[in-house]
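Look at the model below before reading on.

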Amino acid sequence: MIKPVILWTDSLIFLLAAVVVAFILYARSKPHIRTPWKRVFSGRIASASVVILLAFVLVGLLDSLHYRLPLAANGSTGEIHYAGEVLSALDALVGPLRTQVEKTYSAPFATHLFTMETIELEDGSKVRDYPRLLYGARGLGVAGEGRAGDIIKRCLLAVAETLLAGVLLLIAVSAWLGRRHGQPAGSMTRGILQGILPIPWRTILLTLALLLLLLFLAINLAGAYHVLGTDKVGQDVFYLSLKSIRTGLVIGTLTTLIMLPFAIFTGILAGYARGWTDDVVQYVYTTLNSIPGVLLIAAAILMLQVFIATHADYFETTVERADIRLLFLCIILGITSWTGLCRLLRGESLKLREAEYIQAAVCFGVAHGKIITRHILPNVMHVVLITVVLDFSGLVLAEAVLSYVGVGVDPTMNSWGNMINGARLEMAREPVVWWSLLAAFLFMFILVLAANLFSDAVRDAFDPRTRAR
Amino acid sequence: MFAYIVRRLAYAIPILIGINLLTFYLFFVVNSPDDMARMHLGIKRVTPEAIEGWKASHGYDKPLLVNTGVTGIHKLTDTIFFEKSLKLFVFDFGSSDDGRDISFDIGQRMLPSLAIAVPSLIIGLLVNITFALLMAFFRGTYVDLSGVVLCVVLMSISAMFYIIGGQYLLAKLFRLVPISGFDSGLNALKFIVLPVVIGVVSGIGAGSRWYRTFFLEEAGKDYVRTARAKGLAESLVLFRHILRNALIPIVTGVVSLLPLLFMGSLLLESFFAVPGLGSYTIDGIQNQDFAIVRVMVFLGSVLYIIGLIMVDIAYTLVDPRIRLT
């Protein structure tokens with residue numbers, strides 16, 4: 001039996017996912033919440049970026065189901081020991097990608113290693129040459145002949161599979177839409193293809209098809225080649241990039257999740273109660289805000305390093321240690337970033353406090369707690385939502401910088417920041433080792449771009465100031 | 001005005017005290033000096049004598065808050081809190097964990113930081129305003145739309161990619177400038193060019209999109225409509241009316257950044273091996289030099305607060321409608 005491992009960030013991620021699902025179920029019956037969301041999803045760019053974000057989230061969630069494999073049972077006691085390595089559902093899915101480790105660097109789609117080695121031939125003589133990869137281009141001959149043909153064949157196969165899957169998807173979606181709207185599926189298909197439906201299904205399906213194409217390409221190619229090359233210790237860069245998605249998402253989402261309750265509480269309290277409460281809250285956030293963010297994070301992480309180093313026995317596996325550090329990083333980032341939201345909420349509640357309906361509620365003798373939860377909180381939620389979405393991309397980018405400075409995630413953890421950090425010195429090589437850097441930047445860029453486009457749409461839909469225009 | 005500045009400075013004192021207490025707590029209470037010593041000397045097989053020796057040589061061997069071993073005023077002054085934290089207020093930074101005088105180092109490293117930061121700021125400001133004006137002039141057209149899309153794309157690229165890509169392209173491939181390094185006097189010029197270019201380019205996306213909103217906000221106001229109604233050319237409206245009024249938030253925003261320029265840019269300086277305060281901070285963090293990090297936290301906060309006060313003053317200077325009382 002495998003032993004499930006629930007890391008701290010895992011539980012928080014699934015808590016967050018549950019909250020989001022609960023919110024969606026709740027919002028379905030509330031027209032005033034649905035209207036702005038409909039506006040978000042009526043945009044083509046926003047819909048496409050949501051699809052891409054969801055793909056990232058799916059990989060992140062799969063990578064958050066952790067477990068440990070049992071070792072061969074100890075015969076005498078019958079007690080089962082578990083491997084020190086913590087795997088995830090994603091590892092199980094990608095299978096050979098994780099285990100097909102070469103010796104060192106190799107370029108994307110390479111047949112041979114990047115560096116020369118002394119190879120002993122069968123007759124005992126020795127030559128300096130590039131050794132053949134152990135797993136890369138495995139199905140081909142020793143010299144890697146016929147590689148182009150093989151790659152093209154696999155690509156064509158992937159395209160064919162995508163077309164098939166795409167058509168099936170189109171049929172399924174139009175049948176589903178047809179049933180919902182009580183119309184024949186055929187007219188729905190036409191509507192999708194002409195792009196005349198209120199929700200841009202054509203764009204959504206095209207984005208999905210693009211993702212499917214990438215998926216099929218990965219399935220067909222990644223098993224036989226190192227599509228994005230291998231890194232210094234021979235690990236597949238594509239696999240590392242996939243594993244880094246979770247780290248990026250955790251930093252981007254958990255940071256806000258952790259600081260959210262605190263920011264909402266203090267912000268509304270300061271704005272609503274005014275007086276000395278307001279002074280105290282303002283003092284606290286001005287003080288925290290005055291410390292340059294990187295330095296506060298650096299100071300806190302340095303202290304955490306000392307703590308971890310002196311209490312090494314608290315952590316069963318290295319993954320758990322890295323996880324605590326990740327969680328702590330989220331908390332610290334949360335501490336430095338709650339100030340902005342708190343200030344916004346304070347201003348908003350100060351304004352709302354004077355609104356007539358709140359004054360009326362006060363006159364009717366409604367308790368303060370009820371006024372806050374019933375009248376003020378729902379009316380500042382758009383500020384919260386916009387901040388959360390806007391912060392996400394900045395946090396993902398910040399992770400890379402912090403890892404470079406040395407106060408980011410644990411060096412053993414897969415993250416884009418660590419990938420960049422490990423690869424940037426290799427730019428001095430001749431010829432250049434560019435693939436790790438490019439892979440990390442590409443994944444990061446797509447995630448951040450999608451998040452930025454999505455957050456713009458959310459802001460436009462929810463911000464009353466932009467709505468008026 | 002003068003009374004206002006004095007009052008603002010007085011407000012800054014409790015904030016600085018708060019920061020001081022926070023750093024003291026982080027650096028000396030969360031982890032004791034013993035932990036720090038162990039961190040530096042290696043975790044395993046470290047003798048208590050070695051720890052005591054390390055603490056004594058770095059001045060961490062005193063009690064935290066109250067020294068009961070001595071009498072009189074020394075009860076309070078002969079402590080870590082007084083020696084390491086309170087002395088920051090008079091800018092007595094002491095020495096770093098490897099024994100160098102921090103104040104001297106900071107003085108040495110301030111100029112290279114400014115040499116990168118000031119040109120980046122000025123050129124970046126000009127470039128961003130130009131792009132933003134261009135987008136505002138063509139607002140609602142495809143020029144504007146594609147400009148905004150381009151800004152979002154530029155924003156989504158990590159700053160590290162700009163640096164690594166720029167170093168590779170301009171320095172390695174085209175060999176226009178040295179990859180990294182620094183020199184004194186005018187010789188520094190060729191080392192400054194690349195960081196400044198990269199600093200400017202990496203800021204274009206966020207900067208010009210942000211400034212564009214200022215311009216568009218002004219463009220929707222009544223006085224602009226009046227200006228158009230009386231027959232002014234669109235370019236005149238843009239430069240004489242919109243630009244001047246939109247500059248108020250832009251200038252004040254920049255003013256708040258001015259003091260922090262001394263701190264330099266962490267990434268640029270460390271990638272280009274510029275001996276400035278940014279790389280000093282990074283080195284401090286990476287060598288786990290707690291003294292340097294502590295000093296930089298304090299210095300950064302002081303500069304930030306000065307920036308806030310300068311913004312308020314700048315507002316009154318640029319915008320005659322605002323009076324400070």
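Predicted model: local features only at pLDDT ≥ 70, side-chain atom pairs only at ≥ 80, totals over all residues.

Start with a pair of strands in chain A. Strand S3 (residues 82-88) of chain A runs antiparallel to S2(A), and 4 bridges join the two. Take one bridge as an example: Arg68(A) has Val86(A) as its partner in S3(A). Now turn to another neighbour of S2(A). Strand S1 (residues 3-5) of chain A is joined to strand S2 (residues 66-70) of chain A by 3 bridges, and these two also run antiparallel. Here Val5(A) has His66(A) as its bridge partner in S2(A). So much for the pairs that involve S2(A).

In a regular strand, side chains alternate between the two faces of the sheet.

Move along the chain to another pair. Strand S4 (residues 117-120) of chain A pairs with strand S5 (residues 126-129) of chain A. The sense is antiparallel, over 4 bridges. Thr118(A) finds its bridge partner, Arg128(A), in S5(A). How many residues lie between S4(A) and S5(A) in their hairpin? There are 5 residues between them. One residue in the turn, Gly124(A), has a positive phi of about 95 degrees.

Now step back to chain A as a whole. Chain A has a mean pLDDT of 84, and 97% of its residues reach 70 or more. Which helix of chain A has the lowest confidence? It is helix H17 (residues 464-468) of chain A, with a mean of 59. Helix H3 (residues 44-62) of chain A has the highest, at 92.

Chain A holds 17 helices and 5 strands. Along the principal axes, its C-alpha atoms fill a box of roughly 100 × 65 × 55 Å. Of the 469 residues in chain A, 38% are buried. Consider the contacts in chain A between residues at least 6 apart in sequence: 70% of them join residues at least 24 apart.

Is Ala175(A) buried or partly exposed? It counts as partly exposed, because it has 15 C-beta neighbours inside 10 Å. Gly191(A) is 16 residues from Ala175(A) along the chain, and their C-alpha atoms are separated by 12 Å.

Next comes Asp278(A), in helix H10 of chain A. Asp278(A) has 16 C-beta neighbours inside 10 Å, so it counts as partly exposed. Leaving out residues up to four places away in sequence, Asp278(A) touches Ala270(A) and Ala273(A). Arg346(A) lies 68 residues from Asp278(A) along the chain, yet their C-alpha atoms are separated by 8.5 Å.

In helix H3 (residues 48-58) of chain B, the residues Ile51(B), Trp54(B) and His58(B) are buried. Why do they sit on the same side of H3(B)? Because they cover an arc of only 65 degrees around the axis. The buried residues of H3(B) pack against helix H2 (33-41) of chain B. The face turned away from that buried side carries exposed residues: Pro48(B), Glu49(B), Ala56(B) and Ser57(B). Just after H3(B) comes Gly59(B), with a positive phi of about 75 degrees.

Finally, bring the two chains together. The contact takes 37 residues from chain A and 41 residues from chain B. On the side of chain A that touches chain B, at least two residues each come from helix H10 (275-290), helix H11 (293-310), helix H14 (368-405), helix H15 (416-424) and helix H16 (435-462) of chain A. H11(A) gives the most, with 12 residues. By kind, this side of chain A divides into 29 nonpolar, 7 polar and 1 charged.

In soluble globular proteins, nonpolar side chains tend to be buried together. Look for the nonpolar cores here. The largest nonpolar core has 156 residues. Those with the most contacts inside it are Ile297(A), Ala298(A), Ala299(A) and Val293(B). What does Ala299(A) touch, not counting residues up to four places away in sequence? It touches Thr23(B), Leu26(B), Phe27(B), Val293(B) and Val297(B). A second, separate core has 14 residues, including Ile129(B), Ala132(B), Phe214(B) and Val237(B).

Note on methods:
Residues numbered from 1 in each chain as written. Chains lettered and ligands numbered in written order. Contact = placed C-beta atoms within 7 Å. Nonpolar A, V, L, I, M, F, W, Y, C, P; charged D, E, K, R; others polar. Buried ≥ 20, exposed ≤ 12 C-beta atoms within 10 Å, placed from the backbone. Arc of directions from axis to C-beta. pLDDT = per-residue confidence, 0-100. Core = buried A, V, L, I, M, F, W, Y, C linked by C-beta atoms within 7 Å. Pairing = 2+ DSSP bridges.
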